[in-house]
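Biologist: I would like to learn how to read a protein–DNA model and its chain contacts. Can we go feature by feature?

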2 protein chains.
Amino acid sequence: MISSSELSKLTGVNHYQIRKDLAYFGEFGKRGVGYPIQNLINTLKGILGSSKRWEIIMVGVGNLGEALLRYRGYQKRSFNIIGAFDKDSSKVGKRINNIEVYNIQYMKSFIMKKNIRIGIITVPAQAAQKVAEIMVSGGITAILNFAPIVLKCPDFVKVNTIDISIELDRLVYYLSIKTHSDN
Amino acid sequence: MISSSELSKLTGVNHYQIRKDLAYFGEFGKRGVGYPIQNLINTLKGILGSSKRWEIIMVGVGNLGEALLRYRGYQKRSFNIIGAFDKDSSKVGKRINNIEVYNIQYMKSFIMKKNIRIGIITVPAQAAQKVAEIMVSGGITAILNFAPIVLKCPDFVKVNTIDISIELDRLVYYLSIKTHSDN
DNA sequence: CCATGTGAAGATCTTCACAGCG
DNA sequence: CGCTGTGAAGATCTTCACATGG
């Protein structure tokens with residue numbers, strides 16, 4: 001059993017919010033007690049779509065791509081990187097964390113054959129748009145993009161961009177504001 | 001000169017929002033024409049705090065850390081990674097992208113001496129909290145955290161966490177919702 | 001009595017309509 | 001006339017107060 005206040009401490013989200021969010025999907029807490037942990041986990045898995053197993057591909061096996069492939073944090077999650085792609089023949093054929101690197105020319109047919117819905121882009125900025133287009137043409141509808149550009153994709157495609165420079169700009173902005181008002 | 005609608009196309013943010021946001025900081029557009037580009041850039045640099053030059057340190061030179069060190073996207077930006085730290089002696093002394101890797105035991109004094117305000121954490125999850133504490137004790141007040149945990153820091157410290165698993169969960173959730181409502 | 005679930009109040013963010021100015 | 005700047009309307013998110021039920 002766990003209460004909304006305990007969850008609050010663990011996550012940094014306040015207890016009102018925790019309750020509102022959970023209640024939004026139904027009543028699975030017990031009044032006066034809290035939420036049954038195991039039950040909560042299972043219900044959330046269903047809600048987040050993580051009871052299903054999602055297969056993912058990654059394109060671009062440079063430093064960042066390799067870092068992500070080595071990252072073990074996926075293991076217990078609902079998604080699996082089942083293939084990586086690069087145009088560089090020196091990388092093709094490698095296996096990283098048991099994930100094989102294929103030539104990028106096979107990407108589209110791979111997506112179609114395996115019915116992939118999610119792709120990760122870790123290629124340089126100038127190649128990213130083209131990669132995104134091939135992904136979409138193969139049937140991918142959700143992209144996690146690490147290239148520092150705005151990808152042009154059809155509306156039905158969900159693009160989630162992580163641009164490290166922008167994240168640092170956020171911090172810089174925060175510090176500037178604070179410094180300014182510290183007088 | 002550039003108009004709010006052009007900026008809208010470039011960024012994906014709608015034109016109302018562009019104007020509201022810019023107007024919030026003052027009137028630097030010309031009615032009937034648009035925004036003078038150079039002027040806009042300079043003004044925004046000031047607002048974002050990027051007219052100043054910010055020095056940054058990074059801790060953890062594993063795959064991800066190395067990828068970020070190699071990333072050239074900072075070059076034109078307002079921030080500079082001026083040092084990296086690791087506890088692994090095989091990494092100490094390396095130079096990556098002209099950034100030297102120091103033993104982590106010198107981190108605190110480095111932060112203090114150079115008056116660093118921003119730190120990037122790319123160490124494994126179990127080491128991240130400790131690293132954050134040392135950073136804060138040295139005077140850092142803004143952290144970009146790549147470790148998949150919730151860092152406990154004093155309120156005056158701005159923590160920005162990027163957890164790749166969570167970003168993927170977002171996409172999975174989006175796809176689940178869509179699949180559900182596609183019936 | 002305790003912690004959830006929820007309607008209402010409050011705060012904030014987004015969209016809109018249009019006045020104002022080059 | 002065109003595009004900005006802005007007050008107001010609308011939508012959404014957050015906080016709160018408290019009724020509800022184990």
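Modeller: Start with a definition. A salt bridge is a side-chain nitrogen of Lys or Arg within 4 Å of a carboxyl oxygen of Asp or Glu. Keep in mind that this is a predicted model.

Biologist: How many salt bridges are there between chain A and chain B?

Modeller: The count is 2. One of the pairs to look up is A:Arg77 with B:Asp169. Their closest N and O atoms are 2.4 Å apart.

Biologist: What is the count of residue pairs in polar contact between chain A and chain B?

Modeller: A polar contact is a pair of N or O atoms within 3.5 Å. Between chain A and chain B, 12 residue pairs qualify, with both residues at pLDDT 80 or more.

Biologist: Which element gives the largest share of the side of chain A that touches chain B?

Modeller: Helix 7 of chain A does, with 13 residues. Elements that give two or more residues include helix 1 (4–11), helix 3 (37–48), strand 1 (54–59) and helix 7 (164–181) of chain A. By residue class, this side of chain A has 30 nonpolar, 10 polar and 12 charged residues.

Biologist: How do I read the contact by area?

Modeller: Buried area is the accessible area that two parts lose on being put together, summed over both. Chain A and chain B bury about 4400 Å² between them. Carbon and sulfur atoms carry 67% of that. A:Leu168, A:Leu171 and A:Leu175 supply 13% of the area that chain A buries against chain B, more than any other three residues. By residue count, the contact takes 52 from chain A and 52 from chain B.

Biologist: Now the DNA. Which residues come nearest to DNA strand C?

Modeller: There are 20 residues around DNA strand C. A:Ser4, A:Lys20, A:Gly29, A:Tyr35 and B:Asn14 come nearest. Helix 2 (15–24) of chain A and helix 2 (15–24) of chain B each supply at least two residues. The largest share, 4 residues, comes from helix 2 of chain B.

Biologist: Which parts of DNA strand C lie within 4 Å of the protein?

Modeller: Sort the DNA atoms by type. Of those within 4 Å of the protein, 63% belong to sugar or phosphate and the rest to bases. Each type has an example. For phosphate, a backbone N or O atom of A:Phe28 lies 3.2 Å from a phosphate oxygen. A polar backbone atom of A:Gly32 is 3.3 Å from a sugar or linking oxygen. For bases, a polar side-chain atom of B:Arg31 lies 3.2 Å from a base nitrogen.

Key. Residues numbered from 1 in each chain as written. Chains lettered and ligands numbered in written order. Predicted model: local features only at pLDDT ≥ 70, side-chain atom pairs only at ≥ 80, totals over all residues. Heavy atoms only, no water. Near = heavy atom within 4 Å. Polar contact = N/O pair within 3.5 Å; in protein donor to acceptor, adjacent residues only side chain to side chain. Contact = heavy atoms within 4.5 Å. Buried area = accessible area lost by both parts, 1.4 Å probe. Nonpolar A, V, L, I, M, F, W, Y, C, P; charged D, E, K, R; others polar.
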